[in-house]
Amino acid sequence: MADAISRLRDILAREPQQERLAEAALLLAQAYDPTLDISAYLRQFDDWAAHLNARFHDHAADAADAAERIEVLNGFLFDELGFAGDGEHFFDPRNSFLNSVIDRRLGIPISLSVVYIELGRRIGLPLEGVSFPGHFLVTLPVHHGAVVLDPYAEGASLELGDLERLLRHADREAPVDAAHIATLLAPASLSDILIRMLRNLKGIYWREHDPVEGLRI
């Protein structure tokens, strides 16, 4: 555990951090399971990205636009690989450990977003995580703003009305005007993402009446 935490601190102390999102999330998991082979999971991302990039090349789409790449990414992750939101056992701790999410193809919004961002960046999509209240999201910067995507809903593109409903569900007292929602779509830093993952885990363990694991988090 100490080695994983030390390596994680090293990542957080260096720039750029975002390029090491999956590695950092896997280090959190390795703190719980010292036998976890982080390099094997990073190679899995490399293999998936190589497969997708070859697909673009095979179709003479090296200059494929963002919309096409998102469509291909969604089809690959959710249709071919079978990643999905674990609505039946949402509070299963395994949904917060990236290695388990990859193995089981199940996760919650933030862990599926980590997979989505990591693979998307490897195929030319500069995706950002968004620590939206109650439901982690992903944005893709475009010339007129940003496209908001929900990996928990198989990469669906969200409109303002969708974001208003999510915000009302998370906080009935929060203002739901467009200007306020825009402030909530600011990109999350690597430390923001890791802290939210840890808070989710802590909440799960307290919910399951496991104070020892809650304190460990």
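Predicted model: local features only at pLDDT ≥ 70, side-chain atom pairs only at ≥ 80, totals over all residues.

Q: Pockets first. What volume does the largest pocket have?
A: About 230 Å³.

Q: Which residues line the largest pocket?
A: The lining is F90, F91, I108, P109, I110, G134, H135, F136, R196, N200, G203 and I204.

Q: How do the lining residues of the largest pocket divide: nonpolar, polar, charged?
A: Seven are nonpolar, four are polar and one is charged.

Q: What about the second largest pocket, what is its volume?
A: About 170 Å³. Its lining has 15 residues, and the closest to the pocket centre are L28, A31, Y32, L198 and I217.

Q: Which elements supply at least two residues of the lining there?
A: They are α1 (2-12), α2 (21-32) and α9. The most comes from α2, with five residues.

Q: And how many nonpolar residues does that lining have?
A: The second largest pocket has 13 nonpolar lining residues, plus one polar and one charged.

Q: OK, at what angle do α1 and α2 pack?
A: About 160°, and their axes are 9 Å apart.

Q: So are they roughly parallel or roughly antiparallel?
A: Roughly antiparallel. The reason is the angle: anything over 145 degrees counts as roughly antiparallel, and α1 and α2 pack at about 160°.

Q: Is the crossing of α1 and α2 left-handed or right-handed?
A: Left-handed. On the α1 side, the contact is made by A4, I5, R7, L8 and I11. On the α2 side, E23, A24, L27, L28, Q30 and A31 take part.

Q: How do those contact residues divide by class?
A: For α1 with α2, eight are nonpolar, one is polar and two are charged.

Q: Now α2 and α9. At roughly what angle do their axes cross?
A: At roughly 30°, and the axes come within 10 Å. This crossing is right-handed.

Q: Which residues meet there?
A: From α2, L21, A24, A25, L28 and Y32. They meet L190, I193, L194, M197, L198 and Y205 in α9.

Technical notes. Residues numbered from 1 in each chain as written. Heavy atoms only, no water. 1 Å grid on protein atoms, 1.4 Å probe; cavity = no way out; pocket = protein on both sides within 12 Å on 5 of 7 lines; lining within 4 Å. Points joined across faces, edges and corners; volume = space filled by probe spheres on them. Nonpolar A, V, L, I, M, F, W, Y, C, P; charged D, E, K, R; others polar. Helix = DSSP H or I, 4+ residues; strand = E, 2+ residues; numbered from the N terminus. Axes fitted to C-alpha atoms, helices over the stretch in contact; angles between N-to-C directions. Parallel < 35°, antiparallel > 145°, perpendicular 65-115°, else oblique. Left-handed = near helix turned anticlockwise from the far one by under 90°. Contact = heavy atoms within 4.5 Å.
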